[in-house]
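Hi,

Here is the structure I promised to pass on.

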Amino acid sequence: MNSVIGWVGGKRLLRKAILPLIPKHDTYCEPFAGAAWILFAKSRDHKEWQATKGQKYREILNDINGELVNFWRHVKHHPAALKAELDRFLASRELFHEFLDSASRTDLERAVRFYYVLACSYGSLSSTFAVRGHLTMLPIRRVGKLEAASERLRDVIIERLDYEAVIRKYDRPATFFYIDPPYYEREMLYERDRVAAFDQHEELAMLLREVQGKWFLSYNDHPVIRELYKGFTIDVVNTRYSVSGTNRASSEILVRNY
């Protein structure tokens, strides 16, 4: 499956490289969920992933961004209500700025506002209105898309914790963490929805050296990050990313402790 939202640093282009490297596990956890491209791409057939026969299989999506978490909870629990509300609105610059400047009163209004501003923005940054075809600006309204996403999330636990808390909460020998933090020296792209820019690259690396389970980390290829994860398996992949209308070649690293 595809994710139902765009997100800065989303793993749409890298999922085919990542999925074959995921080991068997009993718990799957994404501490930095974002658009959750990897969770949506992986099969929900637990038998394909389960490490221990008879053990309960769990999947966890986590993010510190409360607006994003509220949106995913509405996709999971209230897809029909979310779609019905979104169907009331056209994609327009005027409405985009009204949403930017207004405060939402209910959790459903928050989810609608979050998605509308995200989907209609330039580079999925939720700051500047995007000029593109009306039908492509609110794709979540297409028939079946929300329902399919809701079904995929049916048994997924959705958390709102900081990365350290969720890793410590679910860390077990049979846990697998897919970790996709804000990239080094690009942290400001993720400063949104009252969430501060991430600045704990060293702390994350120190924490991961203590983890019992297996983890897989995707990062931009930078000497500082390579130094932080010296001694672990590092693979380099070439891809392209687009932010605010620019499309650039980029090398990224996939780091793992197995």
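This is a predicted model: local features need pLDDT of at least 70, side-chain atom pairs count only at pLDDT 80 or more; totals for chains, interfaces and linings use all residues.

**The α3/α6 pair**

With that cut-off, G66, E67, L68, N70, F71 and H74 in α3 meet D107, L108, R110, A111, F114 and Y115 in α6. Sorted by type, the residues of this contact are six nonpolar, three polar and three charged. As for geometry, two packed helices are described by the angle between their axes and the distance between the axes. Here α3 covers residues 66–77 and α6 covers residues 107–119; they pack at an angle of about 105°, and their axes are 9 Å apart. Angles of 65 to 115 degrees count as roughly perpendicular, so α3 is roughly perpendicular to α6.

**The cores**

In soluble globular proteins, nonpolar side chains tend to be buried together. The largest nonpolar core in this model has 52 residues, and the members that touch the most others are I5, F71, W72 and Y116. F71 is also one of the α3 residues that meet α6. Elements giving two or more residues to the core include α2 (37–41), α4 (79–86), α5 (93–101), α8 (145–152), β3 (156–159) and β4 (175–179), along with α3 and α6. Which of them gives the largest share? That is α6, with eight residues.

Beyond its neighbours within four places in sequence, W72 is in contact with S3, V4, I5, G34, A35, A36, F40, L153 and I158. Apart from this core lies another one, of 24 residues, including Y170, L204, A205 and I225.

**A buried lysine**

Now K11, in the segment before α1 (15–18). Is K11 buried or exposed? K11 has a relative accessible area of 5%, and buried means under 20%, so K11 counts as buried. Leaving out residues up to four places away in sequence, K11 touches I18, W37, I38, Y178, D180, Y183, S218 and E252. Of these, W37 is 26 residues from K11 in sequence, yet their C-alpha atoms are 5.6 Å apart in space.

Cheers

Definitions and conventions:
Residues are numbered from 1 along each chain as its sequence is written. Side-chain values use heavy atoms; hydrogens and water are left out. Axes are lines fitted to C-alpha atoms, for helices over the stretch in contact, and angles run from 0 to 180 degrees between N-to-C directions. Helices (H or I, at least four residues) and strands (E, at least two) are DSSP runs, numbered from the N terminus. Angles under 35 degrees count as roughly parallel, over 145 as roughly antiparallel, 65 to 115 as roughly perpendicular and the rest as oblique. Contact means heavy atoms within 4.5 Å. Ala, Val, Leu, Ile, Met, Phe, Trp, Tyr, Cys and Pro count as nonpolar, Asp, Glu, Lys and Arg as charged, and the others, Gly among them, as polar. A nonpolar core is a set of buried Ala, Val, Leu, Ile, Met, Phe, Trp, Tyr and Cys residues joined through side-chain atoms within 4.5 Å. Buried means under 20% relative accessible area, exposed over 50%, partly exposed in between (1.4 Å probe, protein chains only).
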